[in-house]
Amino acid sequence: MKTWVTPGGVHPPENKHQSVSLPIGTLPIPDKLLIPLSQHIGAPAKPTVEIGKKVLKGQIIAEANGTVSVSMHAPTSGTITAIEHRPIAHSSGMLAPCIEITSDGRDKWKKHEGIADYKHASPNTLLKAVAKAGIAGMGGAGFPSAVKLNPGRQRPIHTLIVNATECEPYITADDSAIRERAAEVIEGIGILSQILGHPGNIMIGIEDNKPEAIAALEPHVVDTGISVVSFPTKYPSGGEKQLIYILTGEEIPSGELPADIGMVCVNIGTTYAVKRAIVDGEPLISRVTTMTGDACGINRNYETLIGTSVSHMLAHSEFKDEACSRLVMGGPMMGFSLTSADVPIVKTTNCILAPSYEEIPEDNPVQPCIRCGMCAEACPVSLLPQQLFWHSQAQDHERLEAHNLFDCIECGACSYVCPSNIPLVQYYRNSKGEIKKARAEKVKSDLARQRFEFHQQRMEQAEKDKETKRAARREAAEKAQAASGAKAGAGSAADIIAAAQARAAAKKVSPEQQQAKFERSIAGAEMRVQMAEEKLAEADSSQTDEQKNILNAAVEASKQKLEQAEARLAEHIAEHGSQEQNKDKSGERVD
Amino acid sequence: MIEAIAQQPILAALVALVGLGILFGGLLGFAAEKFKVEGDPIVEQLDELLPQTQCGQCGFPGCRPYAESIANGDAINKCPPGGQATINAIANLLDVPAPALDAEHGEEADAKTVAYIREDECIGCTKCIQACPVDAILGAAKLMHTVIADECTGCDLCVEPCPVDCIDMLPVEEGIKEWHWPAPAIPADLIASDRRASA
C-alpha cells in the first residue's frame, strides 16, 4: 500500500527491545489508589461519593461534568479515604483534586455485563456505553472518546485510522498489547466502525519496527475490510496529523480537526478499552503502561490500575534510586520529568521511564544559536524553529503567530538535533502559554470595556432622565401658577399690596399712643425734678458745700431730662398734631 | 479646435495634464468622502492596548479618556496596571521611545487582584456599587453585596468608599489550568573570555 513521507523527522535510538522481552505483567494491588478528577481534556469530573463510602471495583466514583468530560471509576474495591488536592503527574508539579481509595484487598467487582448483542445495537447505544465507561484517548492527549466518535451528521466519516505507530523511543505499551490482544483490538475496531457508520476505509498505521505486532494483527484482519499499513520508522510519525498524512496523503488544515476532512484517528489502546466496555461492560480502570529504563532491574509492561502510584511500580521493578538520573512520565522526547514518585498513573500514562545517567545524562550547557538550520530540517510540520526561537526570546507574539507557532506539535525533534542544546520546545511551550494568557486577558479586557461603556451610558441616561424630570416639574409648577393667576383676575395684585400695607400699618404704634407715652415720661421727669429740689431745700442749712454741689447737679440733670422729654413731645405734636384728649401740660409745668 | 491643439504640442501637453489633474482630483475627492474614517482610529487602537481596568490611576476617568489624551500628546507611561508591557506596546504603536512607568501614578502590581467583600461585615450601603466602573458588584440597599469575581478588573476603586472597610483586594489564584511553562533559564556565559571580563 502506498504511503507518504512527512517532512523532517529524526531517528533517535529506539530502545524498545528492553521492555518487550517479558509479557504484560500485573502488579500487586496497592494499598492506596489516587484517582485525579482531571485526567483528560475538558472539565474535571464531579465526585459522586463521600469519604468513608465503600465502593466496589468498577463502580462510578465521579461523573462526567458536561459533554467534554469523562467519568472515573473505582479501580479496585475498598473505601474512599480522601477527596482533596494532591500532587498529580503534571509538569507544573501543582496539586489537583483527587479521590483516594484505600483498597480492601478483595478486588471485588460490581455486577457488570456487556451489551450481549452489540452487533445489532444502535451507534447511540454504543456511544452511551463508551461515555459511561469513562474512556479518554489513551495515546496521550486524553480527549474524551465519546465526543471524538460523535462528530455529528454534517461531518460524515469516510476513514477510520487506528494509531499503532508508537513512534517514541522506549515505549512499547501498544506494541505488547497488540501482540497479546490482537483479536480484542480488532473487535474494538469493529465496534468503532459500527459507531461511525461503517466508514469505507479502515486502516491500522504501524511502524515497520514492530514486525511481531504486524504478524499478530494480520490473521485477524482477514475479511474485515481493515488494512494494516506499515511504513518506515521515523520520529514523529505517531502524531495524529502526521499519521493521517502518511497513510492518506491528506493534510489537515491548521486549526481544524481530522473530522473536518471526514477522518477519525484513535489510539489502538483506546480500541481495546472500547472492546472491554462494550463486550464485557468493564469501565476504563486499568491500562498497559511501560516500565523501562536502565535504573530498573525489570523492564516490562504492566496492566496497571489507574491511580497506582509511580513509586509502587518502581518498588516492584527493582528500581535503583541512586542510578536514576530522573523520572520521566511519557517518553524521552515528549515526556516530562516528575518531581515526586508519589504521583498516580492516569488514563493517558503510557510509560514511566527511569533512565540511568548514561542513558539520559544531565542537560548539556546551552550555547548560542549558530543558525545551522538543523532544526528546520528536522521539523515535521515545516516550521522555522530558529525564527520561532528568536521571536519567543523577544516575546514577539505577533510574529510568533505569523510563523504559525500554534501548528507546532511540540515533538522535540528540533531540540533533539540542536547542536547548541537549546531547549527550543520549552521556549515554544512558554510562548504558547503566554499567548493564550494574553488572549484570555484580551477577552477579559474587552468585556471590561464593554461593561464600562455600558456603565457610562447608563449613568448618562440616568442623568438625562433626572434632567427631564426636573424640567417637567418646573414646567408643571409654572403652569399651575399661571392657572391660579388667571382665576383671580388682574385687580388681585393691587389688593394684595393694599392688604400688605395695612398689615404693616397695624404693626406700627399709633400717634395717640406715642403722645401718651411721651406725656407719661414728662410727668415722671417733673416728679424727679420736684424731689431733687425738695432735697436741696432740706439740705441748705445742715449740709456742707460739697454735698450741696452734688444735689444741685442732680437737680440740674433732672431738669435737663424734663426738657428733653418736652422737646420730644413737641416734635411729636408738630408731626401728628395734638390729639383731642390731649391737655397741654406745659402750663402746669414747674420750672 | 482639436486640430489646433494637436498642432501645438505645448498646449496639448497642458490640456492633457490639466485634464488628468481634474480627473484624479475628482477621484480623490470622491474617495475621501466615500471612505471617510469616522472618529480618530488611533484612539481606538490605543484603547485596545490599555488594560481596561478603568481604575483611574492615570488621572482620567477610565481607559478611553486616557487613550484620547495620549492621542492628544499626553505621556504614555501613566498606566500602572498595564505596566511596562503596555507602555512598550503603545510606544511601538506610536513609534516613540518607551519610557519607564511614571511612579507618580503607582507601581506595577506583581499579581492580578480581585476585590472580595467580607460578606458578614457588609452593611449594605451600596457605596461600592456606585464606585464600581464595570458594574461588577451585586447587591441592594441594606442587603449584603458581593463581587462578581469574573467581571472584577481589580481596579481598587471600591475599597476606599467602604465605610466599614470590609473589602479586600486578594491576589487571583493561579490553578493548574492557568499554569504554563516558564521560559527557560538564560544560559550563563560559556565563553571563557566573557567570564573573565564579567568577573
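**Architecture of the two chains and their contact**

Within chain B, 55% of the contacts with a separation of 6 or more are made between residues 24 or more positions apart, two residues being in contact if their C-beta atoms, placed from the backbone, lie within 7 Å. The structure is a predicted model, in which local features need pLDDT of at least 70 and side-chain atom pairs count only at pLDDT 80 or more, whereas totals for chains, interfaces and linings use all residues. Residues are numbered from 1 along each chain as its sequence is written, and chains are lettered from A and ligands numbered from 1 in the order in which they are written.

The secondary structure of chain B consists of seven helices and four strands, where helices (H or I, at least four residues) and strands (E, at least two) are DSSP runs numbered from the N terminus; along the sequence these elements follow the pattern α-α-α-α-α-β-α-β-β-β-α. Chain B is more spread out than a compact globule, because its radius of gyration is 29 Å, well over the 16 Å that the globule rule gives for 199 residues; the radius is taken over C-alpha atoms, and the rule is 2.2 Å times the number of residues to the power 0.38. The C-alpha trace of chain B spans about 100 × 70 × 35 Å along its principal axes. Of the 199 residues of chain B, 23% count as buried, a residue being buried if 20 or more other C-beta atoms, placed from the backbone, lie within 10 Å of its own, exposed if 12 or fewer, and partly exposed in between.

Chain B is divided into domain 1 (2-26), domain 2 (41-105) and domain 3 (110-173), with bounds that come from an automatic or database domain assignment. The C-alpha centres of domain 2 and domain 3 of chain B lie 25 Å apart, and six residues of domain 2 are in contact with seven residues of domain 3. The side of domain 2 of chain B that touches domain 3 has one nonpolar, five polar and no charged residues; here Ala, Val, Leu, Ile, Met, Phe, Trp, Tyr, Cys and Pro count as nonpolar, Asp, Glu, Lys and Arg as charged, and the others, Gly among them, as polar.

The contact between the chains takes 19 residues from chain B and 23 residues from chain A. On the side of chain B that touches chain A, eleven residues are nonpolar, six polar and two charged.

Chain A has 15 helices and 17 strands. The radius of gyration of chain A is 52 Å, well over the 25 Å that the globule rule gives for 591 residues, so chain A is more spread out than a compact globule. Of the 591 residues of chain A, 40% count as buried.

Four strands of chain A form an open sheet with parallel pairing, in the order β11-β10-β9-β12, strands being taken to pair if DSSP finds at least two bridges between them. The edge strands are β11 (226-231) and β12 (263-267) of chain A, each of which pairs on one side only. Strand β10 (residues 201-207) of chain A pairs with β11(A) in the parallel sense over six bridges, and A:E207 stands opposite A:F231 in β11(A). Helix α3 (residues 173-195) of chain A lies across β9 (159-163), β10, β11 and β12 of chain A, running at about 150 degrees to β9(A); axes are lines fitted to C-alpha atoms, for helices over the stretch in contact, and angles run from 0 to 180 degrees between N-to-C directions.
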